[in-house]
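Please look over the model below.

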Amino acid sequence: MSVHDESTLREQISSLGKSLFDRGLTMGASGNISVRLDDGGWLMTPTNACLGRLDPARISRLDGQGQWLDGDKPTKEQFLHMAMYAERPQSGAIVHLHSTHSVAVSCLPGVDPCDCIPPLTAYYVMRVGKLPLVPYHVPGDPKLGDAVRGLAGQHSAVLLANHGPVVAGKNLEAAVYATEELEETAKLFLLLRGENPRALTEEQVAELQRRFPA
Ligand SMILES: [Zn+2]
């Protein structure tokens, strides 16, 4: 079965959502997932849905303009996904979580707003790259969508201050892996705070970008 098959994608959203939930990367009804369909529309997790208990048949389906077609009503954070997709035609899926360590980094004083986490590991550089901080906005503020859109062309992942990461990938598996890599690297960064850790050098980062272009 093709990975583009809609029913396969519905199952994949549910199983990866449960996997994220079961490992504590998302709690309660927070977090949302979307996948681009071959017809130009999207599948998106519903509002107030727990990612650990998604019903594949009730996942929201949107048309190419982002209008709700069927399934349960989409997440109220739909605009974050649409802002990323608008600037990233190459991205097929987006994951947004309120994952603890990433949120912790987003609240720290003194993080570089152009790049919140240093390049501690090669896989972080390859899967996430530079992570800009989006200033805090009240949930649902359309200005938050504008701020995300302004960064999404250059960045596959952004970190919303006092809120959480929004991560795009070429497909759902890639977006989930990048989100996990970000969360684990945020944890490493917090473990190493005050230790003056040795990050990868500019030359080492450039070599990774050359050998493994995004
Ligand atoms: Zn959120």
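## Terms and basis

Buried means under 20% relative accessible area, exposed means over 50%, and partly exposed lies in between (1.4 Å probe, protein chains only). This is a predicted model: local features need pLDDT of at least 70, side-chain atom pairs count only at pLDDT 80 or more, and totals for chains, interfaces and linings use all residues. Residues are numbered from 1 along each chain as its sequence is written, and side-chain values use heavy atoms, with hydrogens and water left out.

Helices (H or I, at least four residues) and strands (E, at least two) are DSSP runs, numbered from the N terminus. Two strands pair if DSSP finds at least two bridges between them.

Strand β1 spans residues 32-36. Four of its five residues are buried, so the rest of the structure largely encloses β1.

β1 pairs with β5 (residues 93-96) in the antiparallel sense, over four bridges. Here Ser34 stands opposite Ile94. β1 also runs antiparallel to β2 (residues 42-44), joined by three bridges. Val35 has Leu43 of β2 as its bridge partner. β1 and β2 form a hairpin with five residues between them. In the turn, Gly40 has a positive phi of about 95°.

## Two asparagines with positive phi

Asn162 sits in the loop between β7 (157-160) and β8 (164-169). Its phi is near 55°, a positive value in a residue other than glycine. Asn162 is partly exposed, at 45% relative accessible area.

Asn196 lies in the loop between α6 (172-191) and α7 (202-211). Phi of Asn196 is positive, near 50°. Asn196 is exposed, with a relative accessible area of 71%.
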